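Reader: I have a structure open and have not looked at it before. Can you walk me through it?

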Amino acid sequence: AGGTALVSMLESELPSKVEEWVMSELQASETVNYLASLESKVAQRDEQMQAQARAYQSLKTAYESLQRQAQSKGRRPGTAGASGRRGSKASTALRATTPAEIL
């Protein structure tokens with residue numbers, strides 16, 4: 001009966017004790033801490049890239065809308081507006097790019 005109680009106690013308490021020990025050992029490891037910091041930085045970069053992708057999509061949609069408006073008025077995008085004056089770089093056409101092309 002004593003052996004059964006011991007086995008029962010080990011089965012119920014041992015897994016949590018082992019987990020506590022492993023976690024304390026991992027937290028003390030410089031390598032694990034370094035990897036955790038890298039994972040955090042990657043997660044931040046992913047969030048930044050998603051925000052940039054959303055901003056890009058918004059700008060692309062706005063640009064395409066302006067193109068359609070200009071075409072419906074019989075003008076091409078990039079032509080002179082009401083003032084009739086453009087800078088010397090007016091002939092440079094805008095080109096949509098993807099976030100991957102920017103990097």
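Reader: How many helices and strands are there in the protein chain?

Author: This is a predicted model. The protein chain has three helices and zero strands. From the N terminus on, its elements run α-α-α.

Reader: What share of the residues is buried?

Author: Of the 103 residues in the protein chain, 2% are buried. The accessible surface comes to about 9,000 Å², and carbon and sulfur atoms account for 56% of that.

Reader: Which residues form the nonpolar patch on the surface?

Author: Among them are Leu6, Met9, Trp21, Met23 and Val32. Together, the residues of the patch have about 840 Å² of accessible area.

Reader: Which helix gives the largest share of that patch?

Author: Helix H1, residues 2–28, with nine residues.

Reader: Take Met23. Where is it found?

Author: Met23 sits in helix H1. Its relative accessible area is 41%, so Met23 counts as partly exposed; that class lies between under 20% for buried and over 50% for exposed.

Reader: Moving on to H2. How far apart are its end C-alpha atoms?

Author: They are 63 Å apart. Helix H2 covers residues 30–72, and at 1.5 Å a residue its 43 residues should span 63 Å, so the two values agree.

Reader: What caps the N-terminal end of H2?

Author: Ser29 does. One of its side-chain oxygens lies 3.4 Å from the backbone nitrogen of Thr31.

Reader: And what comes just after H2?

Author: Gly74, which takes a positive phi of about 85°.

Terms used. Residues numbered from 1 in each chain as written. Predicted model: local features only at pLDDT ≥ 70, side-chain atom pairs only at ≥ 80, totals over all residues. Heavy atoms only, no water. Patch = residues over 30% accessible without salt bridge, like charges linked within 9 Å, V, L, I, M, F, W, Y side chains within 5 Å. Areas by Shrake-Rupley, 256 points an atom, 1.4 Å probe, with all protein chains shown as cover. Salt bridge = Lys/Arg side-chain N within 4 Å of Asp/Glu carboxyl O. Helix = DSSP H or I, 4+ residues; strand = E, 2+ residues; numbered from the N terminus. Buried < 20%, exposed > 50% of the residue type's maximum accessible area, 1.4 Å probe, protein only. Expected span 1.5 Å × (residues − 1). Polar contact = N/O pair within 3.5 Å; in protein donor to acceptor, adjacent residues only side chain to side chain.
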